[in-house]
Amino acid sequence: MSPLDTRLRGELERLRAADLYRVRRAVDGSHGVDLTVGGRRCINFCSNDYLGLASDPRVAEAARVALGRTGTGSGAAALVSGYNGEHRALEEELAEFIGRPRVLLFSSGWAANLGTLRALFGKGDTLVCDELNHASLIDGARLAGARYGRYPHGDLAAVETELRLARDAGGEIGIVTDSVFSMDGDIADVDALSALAQRHSASLIVDDAHGFGVIGDDGRGIATDADVYVATLGKSLGAAGAFVAGSEPLIEYLIQRARTWVFSTAPPPAIAAAARAALRIIRSEPEHRQRLHANIARFRAGMAALGPDLPITVMASDTPIQPLIVGDAAAAMALSRSLYQRGYWVAAIRPPTVPAGTSRLRLTLSAAHTPAQIDDLIEQLRAAIAECFGAATVQNPVPEPMA
Ligand SMILES: *Cc1c(COP(=O)(O)O)cnc(C)c1O
């Protein structure tokens, strides 16, 4: 065995021993709520396709028509010859929808965050970041080479302290936050962060991957007026890619300097066509969003009825992300496996994605779930908890929200 493989085998053994080894399951066919995996049907409760648009036939048809017209690949970066009329139309429609001057498409949210933070900040600057920010924001801030002012989750007093330290250090300052936190489902106090940013001459950078299309007036998202607004097209829009929205100079500057954009092949035009079709549906059919929010309320009421004595913690969340904190990684895996055997797919999330001791089921709701599926999921969850933790622990109402 090569020295590299010897080292990797050792690391893999350690992950396995700590119940942190990860594997994939391949889905056959479409990634809707009702899907087939390993030849078996199951109901998906862990996708970010919150509105069911990833398997909406109208979105797929728009992509198919565009594929016929534009082919598969864009063939080059956007600054060379890869920029297509479909890309431009999507950028203009997104900008108009959220009421910002300009939008720039990236091939992924990961690329958008890395490219943008690295372009806008550097050595001598400070990025003030919530400790639960998405991994791509953390890596983007590190790549920028700026001072990293990490503050405890949602702690505005600590933000202020970091801003004072940043001012003393000199340089540019950015406050960087998820809007909806991807593993906890809670929402950042973006109004307070925006006021702090103004008071301290800092810029506000908001990653709205889980808010865009789902939350806010007509699904326009959260904090679209931030200095730098980032959202993805692979979640509520059911397509792929991401965009940054903001002022004219911001977008023109990113076109000159965002390396993950400048040096990366433009996404397939047909994907932009799919996102355009999804955006049209979001704008003209509020019923999907209404059904999603009714599903969230139904799930929360059903969980409350399971009682306060659950051996898991039901986090307080009004968003489609509903984490069930188990704690131990092996126990989270066992609960996920038990649900899977009962026909429900709810992925377990373990460290390093979440802090040690907070392994969880990250359950997500979609407009495409039926009330009956939600009710049965809760019934199966009750049975799975009894199977994994002992029957005596599951009784009577009122959940314990976790701070
Ligand atoms: C999913 C996600 C991203 C990454 O977006 P991709 O398009 O999947 O690369 C970035 N930020 C947050 C908060 C996310 O949830």
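This is a tour of a predicted model, one selection at a time.

Residue numbers start from 1 along each chain as its sequence is written. Because the model is predicted, local features need pLDDT of at least 70 and side-chain atom pairs count only at pLDDT 80 or more, while totals for chains, interfaces and linings use all residues; side-chain values use heavy atoms, with hydrogens and water left out.

**Stop 1: the two domains**

Select 26-54 together with 286-389 and colour this as domain 1. Then select 57-284, which is domain 2. These bounds come from an automatic or database domain assignment. The centres of the two domains, taken over C-alpha atoms, are 27 Å apart. Domain 1 gives 22 residues to the contact and domain 2 gives 23 residues, where contact means heavy atoms within 4.5 Å.

**Stop 2: the interface**

Keep both colours on. About 1,800 Å² is buried between domain 1 and domain 2, and 62% of it is on carbon and sulfur atoms. Buried area here is the accessible area (1.4 Å probe) that two parts lose on being put together, summed over both. Select Leu53, Arg289 and Thr319: in domain 1 these lose the most area to domain 2, together 31% of what that side buries.

Next, show the side chains of Arg360 and Asp184. They meet in a salt bridge, at 3.2 Å from N to O. The term stands for a side-chain nitrogen of Lys or Arg within 4 Å of a carboxyl oxygen of Asp or Glu. Between domain 1 and domain 2 the count is one salt bridge. Seven residue pairs, both at pLDDT 80 or more, are in polar contact across this interface. A polar contact is a pair of N or O atoms within 3.5 Å; within protein, one must be able to donate a hydrogen and the other to accept it, and residues adjacent in sequence count only if both atoms are side-chain atoms.

Which elements give two or more residues to the side of domain 1 that touches domain 2? They are α12 (287-304), β12 (321-327) and β15 (359-364). Helices (H or I, at least four residues) and strands (E, at least two) are DSSP runs, numbered from the N terminus. The largest share, four residues, comes from α12.

**Stop 3: Ser236**

Go to the loop between β9 (228-232) and β10 (242-246) and pick Ser236. Is Ser236 buried or exposed? Ser236 counts as buried because its relative accessibility is 0%; buried means under 20% relative accessible area, exposed over 50%, and partly exposed in between (1.4 Å probe, protein chains only). A polar atom of its side chain lies 2.6 Å from the backbone oxygen of Phe212. Beyond neighbours within four places in sequence, the contacts of Ser236 include Asn48, Tyr50, Leu53 and Ile282.

**Stop 4: salt bridges elsewhere**

The salt bridge count comes to 20. Select Glu11 and Arg14, whose side chains form one of 3.0 Å, N to O. Both lie in helix α1 (residues 3-17), three residues apart, about one turn of the helix. Glu11 is partly exposed at 40%, and Arg14 is exposed at 53%.

Move to Glu131 and Arg150, paired in a salt bridge at 3.6 Å, N to O. This pair links distant parts of the chain, 19 residues apart: Glu131 is in the loop between β5 (126-130) and α6 (135-144), and Arg150 is in strand β6 (residues 147-151).

Finally, select Arg69, Glu86, Glu93 and Arg276, which are linked in a network of salt bridges.
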